[in-house]
2 protein chains.
Amino acid sequence: MPSNRIAFRIGHAVVLAFYVLLFTIASARAETDPLPSWNDGPAKQAIVAFVKVTTTQGSPKFVPPEARIATFDQDGTLWVEHPMYTQVMYCLERVPALVKAKPPLAKIEPFKTVLSGDREAMAKLSLKDLEKILAATLTGISVDEFNAEVKTWIATANDSRFKRPYTELTYLPMQELLKYLRANGYKTYIVTGGGQDFVRVYSETTYGIPPEQVVGTMGATKYGYDKNGKPFLTKDPKLLLNDNNAGKPEGIHLMIGRRPVAAFGNSPGDQQMLEYTKAGGGARLAMLVLHDDAKREYAYGPAQGLPATKVGAFTQALYDQAQKQGWTVISMKNDWKRIFAFEK
Amino acid sequence: MPSNRIAFRIGHAVVLAFYVLLFTIASARAETDPLPSWNDGPAKQAIVAFVKVTTTQGSPKFVPPEARIATFDQDGTLWVEHPMYTQVMYCLERVPALVKAKPPLAKIEPFKTVLSGDREAMAKLSLKDLEKILAATLTGISVDEFNAEVKTWIATANDSRFKRPYTELTYLPMQELLKYLRANGYKTYIVTGGGQDFVRVYSETTYGIPPEQVVGTMGATKYGYDKNGKPFLTKDPKLLLNDNNAGKPEGIHLMIGRRPVAAFGNSPGDQQMLEYTKAGGGARLAMLVLHDDAKREYAYGPAQGLPATKVGAFTQALYDQAQKQGWTVISMKNDWKRIFAFEK
């Protein structure tokens, strides 16, 4: 390499060194609490202590960077799940377009009820009816079409209580936690009972989690060619894995191939993921979000005497297991200073 | 923050700046060809040109870092697949231990033939027989036991021709290519017809590819508890996805959720992965390794008049498709200066 190029590079290095200096001074001044929306209680302390022991070189509980895997349930853990899972709202709102494409469906249940708009009748739909709606609205189209549909919907649909896009209903303390873990070398994953392809559409912009780090309920796809010979994938109704309960550790093994060292959930569907994480030995963090704040969000159990609901029930049995196995329960009411970014 | 801590940090920054200078000078001197085992021919030129246009800011074919996905077949693309896939060798060599655990198998085919050690008889085993052996040796045990078994085997087993561990039979030019792509912000994945769990055991140490970036033929697992109540996963015989042919793009969608921009293969089992990659628009790199070097490795086709074989056949139809669709064929004989790291 000619010496004038070396000189040029040294010039570059000096400029870079200058910026390193500036940045160091700036960051020293700006050094602040990475979890400002958390009250200083046992939940926050458990998080900070866990990160410290697993990332400090020489600590007996040090976890090498490649093994720093943290998994998060989505509905009720990262964002609001009441009164209905967002994905179910999507499927219900897709029904008119579906019927327009296939008019005979208008006279067939459960599509007829959904089209009527009768909320009371819709609330009474059975799980089997819901499954029919999910299969009809989530499969049978190409992966690219599906992505485009969800992208448009999620950008425009609003939650009925907060009158805001669903993507604004993420919990600020959990967003801070995701960033804090990533800043400490953790790879953050969503492990959701929701559809893997659905969540992948907005996971990067909403949570900073790329599609390849979303584990969810998985359907098969079918490879084929269009009339011009161009290959594409179609979403198939065949279920590959129901990513709930035992399906969560199974899905984690399938998609990640390593056991997480930290896991976060809020309902019995997350029990096995938390057990599996905790059983790994060494430092492990298992946390459950308890929805006990009816004023700022919702309050439901039946754990701790909160009213039972259909969606995301936090049972007393789960609460007892948490106490017994050393999982930390996060009280939204007591542990979270702010719940949403839009809160004053 | 007290000013003495700021001063301390500034001190740190000055030390860091000094190292930045040193490193810059050293790297300017050491700047060398990232692909030294490649001859300067069309294959190498295609790779370098592709990386340049996709990673240069302002280039019309610039690919943002998060979309830089490159997928590699394993057998015959990253390492030797002759005379038999390494994983099949593992399964055959596992049979004695299997029969020891379940003695009645000794009298049942195809286990009887494998135990006999009669190579000629073993070569005649049908695909159905092989599937029985694979199912018996790859499933029915816990994920942890399986990982330990494979880890021990891969560290000690030797290839019959080269008398070296299989993990030394990786192609040096492809190892350089993996590193070159990663150095340019590409996330490298293995997409193999082999067992996902099998390849994951050695992928990190052999290729620098972590387990979560291995896509392969996938079996289900079953979550359960041991007698002490400790949860574990068992490998189940249920097949979730055969990661060959159309299964490759389907597996890529399932595991990654994005279309690759570069893909590398060597046989008809990789055809759909290459088509799918190429169909994405923008700059795309699709490459096929042609085994035409009997002296240093093997020569087999039947493409280009090379002798046909059972394992990894590169057909003339695939060769013709490569020409037609602009995939680059890598001639091991002409494009690779060195094939193995152990070569003199």
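This is a predicted model: local features need pLDDT of at least 70, side-chain atom pairs count only at pLDDT 80 or more; totals for chains, interfaces and linings use all residues.
In strand β4 of chain A, the residue that stands opposite A:Y223 is A:L233, and in that strand A:G224 has A:F232 as its bridge partner. These two positions belong to the pairing of β3(A) with strand β4 (residues 231-241) of chain A, which runs in the antiparallel sense over 7 bridges; two strands are said to pair here if DSSP finds at least two bridges between them. The strands and helices I name are DSSP runs numbered from the N terminus, with helices being H or I of at least four residues and strands being E of at least two. The hairpin of β3(A) and β4(A) has 5 residues between the strands, and in it A:G229 takes a positive phi near 80°.

Residues are numbered from 1 along each chain as its sequence is written, chains are lettered from A and ligands numbered from 1 in the order in which they are written, and side-chain values use heavy atoms, with hydrogens and water left out.

Let me stay in chain A for the sheet. It is an open sheet of 7 strands in the order β4-β3-β2-β1-β5-β6-β7, with mixed pairing. At its edges stand β4 and β7 (328-331) of chain A, each with a single partner strand, so one side of each has no neighbour in the sheet. On average, neighbouring strands of this sheet are turned by 35° against each other, direction ignored; for such angles, axes are lines fitted to C-alpha atoms, for helices over the stretch in contact, and angles run from 0 to 180 degrees between N-to-C directions.

Which residues does A:T217 touch, once its neighbours within four places in sequence are left aside? A:T217 is found in strand β3 (residues 214-225) of chain A, and its contacts, meaning heavy atoms within 4.5 Å, are with A:T192, A:G193, A:G194, A:G195, A:Q196, A:L239, A:L241, A:N242, A:D243 and A:N244. The side chain of A:T217 also reaches the backbone nitrogen of A:D243, at 3.0 Å. By contrast, A:D320 lies 103 residues from A:T217 in sequence and 27 Å from it in space, C-alpha to C-alpha.

Turning to the helices of chain A, helix α8 (residues 172-183) packs with helix α2 (residues 42-55) at an angle of about 15°, their axes being 11 Å apart. The two helices, α2(A) and α8(A), are therefore roughly parallel to each other, a word used for angles under 35 degrees, with over 145 counted as roughly antiparallel, 65 to 115 as roughly perpendicular and the rest as oblique. Their contact is made by A:I47, A:V48 and A:V51 of α2(A) together with A:L177, A:Y180 and A:L181 of α8(A). By class, that contact has 6 nonpolar, no polar and no charged residues, where Ala, Val, Leu, Ile, Met, Phe, Trp, Tyr, Cys and Pro count as nonpolar, Asp, Glu, Lys and Arg as charged, and the others, Gly among them, as polar. On the sheet, α8(A) lies across β1 (69-72), β2 (187-195) and β5 (262-265) of chain A, and runs at about 165° to β1(A).

Now to chain B, where 7 strands form an open sheet, again written β4-β3-β2-β1-β5-β6-β7, with mixed pairing. Its edge strands are β4 (231-241) and β7 (328-331) of chain B, each of which pairs on one side only. Strand β2 (residues 187-195) and strand β3 (residues 214-225) of chain B pair in the parallel sense over 3 bridges, and B:G195 stands opposite B:T217 in β3(B). Helix α10 (residues 247-255) of chain B lies across β1 (69-72), β2, β3 and β4 of that chain, at about 55° to β3(B).

How do the axes of helix α7 (residues 143-156) and helix α9 (residues 196-207) of chain B cross? They come within 9 Å and cross at roughly 55°, and α7(B) and α9(B) are therefore oblique to each other. The contact between them is made by B:F146, B:N147, B:V150, B:K151, B:W153 and B:I154 of α7(B) and by B:D197, B:F198, B:V201 and B:Y202 of α9(B), which divide into 7 nonpolar, 1 polar and 2 charged.

Finally, the axes of helix α3 (residues 86-101) of chain B and α7(B) come within 11 Å and cross at roughly 105°, which makes α3(B) roughly perpendicular to α7(B).

Methods:
A polar contact is a pair of N or O atoms within 3.5 Å; within protein, one must be able to donate a hydrogen and the other to accept it, and residues adjacent in sequence count only if both atoms are side-chain atoms.
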